[in-house]
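Work through the exercises below with the model open. Each task is followed by a stepwise solution.

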Amino acid sequence: TCLWKRKRSFFKCARSAQSQFVQGKGGSSATACERGSCVFGQAAGLGRLQSNRVKKNTNFFKMLVLFETAAGYAIFKVLDEQKLQEVDSLWKEFETPEKANKIVKLKHFEKFQDTTEALAAATAMVEGKIGKSLKKVLKKVVAKEAHEQLAISDAKLGGVIKDKLNLSCVHSPAVFELMRGIRNQMEGLITGLPPREISAMSLGLAHSLSRYKLKFSPDKVDTMIVQAISLLDDLDKELNNYIMRCREWYGWHFPELGKIVTDNLAYCKSVRKIGDRTNVATSDLSEILPEEVEAEVKLAAEISMGTEVSEQDIGNIMHLCDQVIEITEYRSQLYDYLKNRMMAIAPNLTVMVGELVGARLIAHAGSLLNLAKHPASTVQILGAEKALFRALKTRRDTPKYGLIYHASLVGQTTAKNKGKISRMLAAKAALAIRYDALAEDGNAQMGVENRAKLEVRLRHLEEKGIRRISGTGKAMAKADKYQHKSDVKVYDPSGDSTLPSSSRKRKFEEVEEEAKPAEVKAKKVKKETVAKEPEAAAAAETEETPKKKKKKKKQQQAEEAAAAAAAEEAMEAEEEAPVVQAAEETTEKKKKKKKKAKEVEED
């Protein structure tokens with residue numbers, strides 16, 4: 001019976017709790033079931049809490065709406081709060097401007113003075129801060145009606161407004177739908193603001209805001225550098241073609257002028273001033289050419305070998321000269337523009353490698369940011385991709401430099417050190433590129449310091465300052481100074497002639513005189529050797545110590561060498577003696593023959 005009573009009471013509690021939950025009058029679990037074991041009582045309590053929350057949310061729709069536009073801040077007042085309860089079908093109420101005006105009404109519009117103020121307000125809202133213009137609007141309009149709530153699209157901004165201005169803010173899906181509807185019918189809801197002005201201010205604010213987000217300055221547009229360096233190269237090619245055509249064309253009429261005036265601009269200005277070569281004598285070229293060159297041109301014009309041309313031909317040639325002069329002036333102007341732009345965008349890279357090389361590196365990579373992503377090894381051979389892949393294919397040495405070869409630091413080194421300097425320059429240039437692309441300040445101090453280090457290193461390489469491998473490693477290896485010693489050789493003219501310079505008689509006399517002292521010397525040497533032999537024997541007897549024996553041996557060897565030399569000299573003297581005697585006999589025979597010939601003639 002107890003179980004049956006418990007089941008009966010349980011079903012009664014369940015029915016009452018269910019009815020209360022459906023009607024929205026759910027009580028607490030204690031009132032629905034005294035024992036507290038009924039689950040439906042708890043469900044009834046939760047139903048009452050949810051219904052109370054819905055009632056609270058329906059109360060806040062008596063409110064104001066803060067709507068941000070590119071032209072200014074707009075404050076709308078909600079007229080029909082009941083429509084906002086149906087979130088899914090709220091978009092239907094903003095299909096036309098007439099329907100939208102029945103739900104919301106413009107209360108106040110604060111217009112921005114210029115794009116700068118709009119950018120400041122937009123950046124403040126992006127960062128979740130209250131700008132000056134927004135604070136002014138909220139104090140002026142919303143604070144007067146403090147009992148009304150403010151609907152906003154950003155929850156973070158609502159928290160800041162509540163803290164600083166003590167205003168209750170609302171952020172919910174219904175507010176999102178309301179903002180979407182107001183944005184759709186903004187032109188009809190905000191009066192006194194033409195659509196063209198709204199679109200123009202929206203476009204300007206969008207560009208300014210994107211630049212601010214990317215921390216992007218219009219002065220740092222590297223696209224201008226890419227276009228400028230490409231145009232500079234095209235102008236150089238066209239100028240070369242035009243000048244070659246001008247020299248060849250006018251050369252038929254005055255060919256000597258092209259050899260005298262080598263500068264292209266001066267040549268075109270001279271042709272423009274002269275016209276026909278017969279006018280050279282009367283034309284003044286002092287502003288274009290130096291005095292010596294002007295005099296040479298006037299002299300060459302009088303004896304020129306060129307053909308005669310018509311006035312129409314001269315007119316076309318002068319028109320071509322005008323084109324060359326104009327293009328040359330524009331090229332110098334474009335170069336100055338490129339130099340200034342490079343110093344503004346990449347000052348450190350400009351200091352390291354120069355304006356033209358830096359601009360070509362940026363153009364080859366596509367942009368400064370793309371170039372900053374390249375490692376130093378890629379920067380070193382940038383521009384030599386064809387040679388690199390050819391070397392990899394044929395398994396030969398890869399190139400050591402590309403566009404960086406034209407930098408002044410690489411150009412002033414010897415061929416032996418170009419590879420080392422290009423590698424070091426590429427490493428420092430890669431750092432400079434990244435600093436220019438990603439740093440906020442645009443000074444060139446880092447580039448100047450790195451260039452000074454490279455110049456010091458270059459000086460060490462040129463002076464062959466190699467550090468020691470062992471030892472302290474700081475001391476430089478000492479190299480002996482090179483002193484140039486030149487031996488001046490005098491030309492001997494005696495070997496030019498093949499004829500004998502003296503007669504045979506004088507030769508024989510000279511041979512006789514040389515033979516006599518040779519014999520005397522040989523005799524003296526023999527006497528000296530004979531005298532030295534007993535002395536050496538006596539010395540050998542007296543010296544007994546081992547040291548003296550060594551000395552004795554050395555002396556004996558020296559004496560034997562001297563004796564051998566003396567014997568050779570004596571043998572040479574003996575060999576020369578019969579030669580002299582034979583020469584004397586031949587001379588005597590010749591004399592006898594001459595005497596006999598004279599006697600025969602006398603007879």
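**Exercise 1.** Which residues form a positive surface patch?

Solution. This is a predicted model, where local features need pLDDT of at least 70, side-chain atom pairs count only at pLDDT 80 or more, and totals for chains, interfaces and linings use all residues. Residues are numbered from 1 along each chain as its sequence is written, and side-chain values use heavy atoms, with hydrogens and water left out.
- Step 1. Recall the patch rule: residues with over 30% relative accessible area and no salt bridge, like charges joined within 9 Å. The place of a charge is NZ for Lys, and Lys and Arg count as positive, Asp and Glu as negative. Areas come from the Shrake-Rupley method with a 1.4 Å probe.
- Step 2. List the members: Lys-589, Lys-591, Lys-592, Lys-593, Lys-594, Lys-595, Lys-596 and Lys-598.
- Step 3. Lys-591 lies in helix H25, residues 546-602. Helices are DSSP runs of H or I, at least four residues, numbered from the N terminus.
- Step 4. Check its cover. Lys-591 has a relative accessible area of 55%, so it is exposed (buried is under 20%, exposed over 50%, partly exposed in between).

**Exercise 2.** Find the nearest side chain of opposite charge to Glu-355.

Solution. 
- Step 1. Locate Glu-355: it is in helix H17, residues 355-365.
- Step 2. Glu-355 is buried, and Lys-339 is the nearest opposite charge, 5.2 Å away. Glu-355 has no salt bridge (a side-chain nitrogen of Lys or Arg within 4 Å of a carboxyl oxygen of Asp or Glu).
- Step 3. List the contacts beyond four places in sequence: Glu-355 touches Tyr-335, Lys-339, Met-342 and Thr-350. Contact means heavy atoms within 4.5 Å.
- Step 4. Widen the view. The buried residues of H17 pack against helices H11, H15, H16, H18 and H19.
- Step 5. Look just after H17: Gly-366 takes a positive phi of about 110°.

**Exercise 3.** Which residue forms a salt bridge with Asp-322?

Solution. 
- Step 1. The partner is Arg-272, with the closest N and O atoms 2.5 Å apart.
- Step 2. This pair links distant parts of the chain: Asp-322 is in helix H15, Arg-272 in helix H13, 50 residues apart.
- Step 3. Asp-322 is partly exposed at 25% relative accessible area. Arg-272 is also partly exposed, at 35%.

**Exercise 4.** How far apart in helix H14 are Lys-298 and Glu-294?

Solution. 
- Step 1. They are four residues apart, so about one helical turn separates them.
- Step 2. Lys-298 forms a salt bridge with Glu-294 at 3.4 Å between the closest N and O atoms.
- Step 3. Lys-298 is partly exposed at 28%, whereas Glu-294 is buried at 9%.

Technical notes:
Helix = DSSP H or I, 4+ residues; strand = E, 2+ residues; numbered from the N terminus. Buried < 20%, exposed > 50% of the residue type's maximum accessible area, 1.4 Å probe, protein only. Patch = residues over 30% accessible without salt bridge, like charges linked within 9 Å, V, L, I, M, F, W, Y side chains within 5 Å.
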